Each structure stands twice: as C-alpha cells, then as structure tokens.
Amino acid sequence: MQDKKHTIDRSSGIPIYKQIKQILIEELQTSEATGRPFSTEHELVQRFHVSRAPVRQALKELANEGYVYRERAKGTFPVHGLPVRPPGLELGGLVDYFRKQGMDVNSQVLDVDRVHPPKDQCSLFGAGPNGEVLHISRLIWFQEKPLVWTQTYIEVLEDFHPDASELEEVGNVFFLLERDLGISLSRGEHQIWATSANLEEATVLGVTPGDPILVIETTMYTRNDLLIGWRKAVHRADDYKYAFNVNR
C-alpha cells in the first residue's frame, strides 16, 4: 500500500500539480541517487493516475526552482550537491533558497562602507565627483568553500548604514530597506556572462587567476520604477549552475 504522503488527495483544494510537485520535492530531498534520469512524464502519469497537464506543470516548476534540470533527448535529472539558481529568484534570496533545499550554505559580510560607485557605474547612479553610495561586500560559502562573491551598491541616505552583524542577522539588506525606509524592490535586470577571474576575484573565491567564473550584474529598481542599486555577483563556474527556460 502506498504511503498517503506520497499520493494525491483529489478532495483537497490544493491543485493536483502542486501536490505532485510537493511529493516529488520531498522524494528528491531524501534521495541519494545521482546521474540517473528522474521519472518520465509517462511514468508520473501512470503513478498518479492523472493527465499529462499537471505532471508537465509540476516538472516545469521543479526545473524553474532548481530541483531538476532537463537535457534534450536524455531526460530530466535531479540536482544533487550542485547549487542551481532558478530564474525567478527574489533579490537577496539566494542563501535562503539554498538552505530550503537542504544545502550547507553560509554567508559572511566582508565589508560595509560608503564609497564612490565603480567608475563604469557612475553614470548609472548619476553620482558626481564626491557622490557616495552604500557598499556591501558579501561572500557566500557552499560546503565550506567560497561559492559567490557579491558587491552591492545602493543609493540611500547616509543615515542608513547597517553594520555587518545586523546584515548577517536579517539575511539581506533589502529586508532592512523595506523595514526601515519603506523602500521595496520590484525587479532586477540581469546581465550574465562567463569570463576569467582577475587576481582579486581569484583571491576571494579561492581559485587561480584566469580560472573560469560566471558573472551576474543586476540593476535594481523600486516599486516606483526608480533605480536604487547595482550588484555584481561573481560565481565559481565549477560549482554553480544558472537554470532558465525559453518558450517557443
């Protein structure tokens, strides 16, 4: 007899695809199998006695959220050990997202100060010769190894100056912006590319200069569509994946 936790409840108000998705998440989190394809659509249709539509929706959301990845003509595979960043992740939510997947992830605020924006971003902020913005440098660790180094620049009043311990306690600066200043972020525009690590990046991430890295630069906007910040995140390319879907 099947465990009730691993069957769908047709009398529930929870959509069928969400029930299937949650069951599969729980199974993925307890599974140790690696390198083998995940259940196919056909197998899941037979298992849950449903049409293909809810199964496809469940698998789509699992891929979007980084639990599985798809390879054309090969199948759907579970993600084990390797952090995968989903495309719809909220700003500042990376560490919390990884922890919810049961991954051993920690972060360390390296520095908090007010600085002149990077030279190539001065025009973005409209900063004059003496203009300064809040700068936060943070290092995210995965399994006791540096994974992502982020540098965030935010245009706020000088009296908003959280210290490192406060940032560690709440998790990210965006929570403090909303709580203390009533500023909510609505969106971020990403630019993503692969390059080689310079000396500073290599030193922080524990790699060799010239090693491949993944860079994500994000321009951030408030709910009033006003630019408020810019962030550069540098990732170790050997320990990180960025997952996204394209539709036709």
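Is Arg 56 buried, partly exposed or exposed, and what is its relative accessible area? Arg 56 is partly exposed at 44%, where buried means under 20% relative accessible area, exposed over 50% and partly exposed in between (1.4 Å probe, protein chains only). The views below come from a predicted model, in which local features need pLDDT of at least 70 and side-chain atom pairs count only at pLDDT 80 or more, while totals for chains, interfaces and linings use all residues. Residues are numbered from 1 along each chain as its sequence is written, and side-chain values use heavy atoms, with hydrogens and water left out.

**View A. Arg 56 and Glu 41 form a salt bridge.** The N to O distance is 3.0 Å; a salt bridge here is a side-chain nitrogen of Lys or Arg within 4 Å of a carboxyl oxygen of Asp or Glu. Arg 56 sits in helix H3 (residues 52–64) and Glu 41 in helix H2 (residues 41–48), so the contact ties together parts 15 residues apart in sequence. Helices are DSSP runs (H or I, at least four residues), numbered from the N terminus. Glu 41 is partly exposed, at 23% relative accessibility.

**View B. Arg 52 joins Glu 41 and Arg 56 in a network of salt bridges.** By the rule used here, the count of salt bridges is nine.

**View C. Glu 166 and Arg 179 meet in a salt bridge.** Their N to O distance is 3.3 Å. Glu 166 belongs to helix H6 (residues 164–170) and Arg 179 to helix H7 (residues 173–181), 13 residues apart. Glu 166 is partly exposed at 26%, and Arg 179 is partly exposed at 47%.

**View D. Arg 179 also pairs with Asp 180.** This salt bridge spans 2.7 Å, N to O. Asp 180 is partly exposed, with 39% relative accessibility.

Technical notes
Helices (H or I, at least four residues) and strands (E, at least two) are DSSP runs, numbered from the N terminus.
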